[in-house]
Amino acid sequence: LGSSGCLGSITANYLSREYGMTIIGADIVESRNKASRIDHFIPLPKGPGGSSPSLSDLTTTLTNELENIMYHSNDGNQKIDAIICASGGFESDPPINNSKGIDNNNNKISDPAQI
């Protein structure tokens with residue numbers, strides 16, 4: 001959960017690269033990172049007017065989409081090893097104002113694909 005943010009994408013890339021894990025990402029926005037190692041992506045719903053969605057809506061979406069992905073996997077008998085929540089709803093990622101990876105404070109931002 002939270003796979004499109006900085007922490008989520010770094011975690012997904014690390015687990016994919018180092019352990020060969022299949023990664024199912026879920027977030028309210030899809031990652032713009034071209035180097036993302038997400039194998040499947042579940043778009044989470046937004047609430048009315050872009051507000052936070054209800055727990056019921058999130059649970060229903062995640063359950064239905066995970067079931068669909070797992071059912072259509074290789075033999076239909078895949079198991080989930082872990083669910084990791086990297087949602088940083090308390091603080092968003094730093095905004096990037098250009099393609100050179102510079103945030104609004106002119107600090108270099110680490111490229112998750114390089115970590």
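Reply: Helix 1 comprises the 14 residues 6–19, and at 1.5 Å a residue these should span 20 Å; the end C-alpha atoms are 20 Å apart, which agrees with that expectation. The model is a predicted one, and the description below is to be read accordingly.

The two sides of the helix may be taken in turn. G8, S9, A12, N13, L15 and S16 are the buried residues of helix 1. They cover an arc of only 165° around the axis, so they lie on the same side of helix 1. On the other side of helix 1, the residues L7 and Y19 are exposed.

R17 and E18 form a salt bridge, in which the closest N and O atoms are 3.1 Å apart. In general, side chains of opposite charge can pair when their charged atoms come close. The structure holds one salt bridge. As for the exposure of the two partners, buried means under 20% relative accessible area and exposed means over 50%, with partly exposed in between. E18 has a relative accessibility of 44% and therefore counts as partly exposed. R17, with a relative accessible area of 32%, is partly exposed because this value also falls in between.

What follows the helix is G20, and the phi of G20 is positive, near 65°.

Definitions and conventions. Residues are numbered from 1 along each chain as its sequence is written. This is a predicted model: local features need pLDDT of at least 70, side-chain atom pairs count only at pLDDT 80 or more; totals for chains, interfaces and linings use all residues. Side-chain values use heavy atoms; hydrogens and water are left out. Helices (H or I, at least four residues) and strands (E, at least two) are DSSP runs, numbered from the N terminus. The expected span of a helix is 1.5 Å times one less than its number of residues. Buried means under 20% relative accessible area, exposed over 50%, partly exposed in between (1.4 Å probe, protein chains only). The arc is that of the directions from the helix axis to the C-beta atoms. A salt bridge is a side-chain nitrogen of Lys or Arg within 4 Å of a carboxyl oxygen of Asp or Glu.
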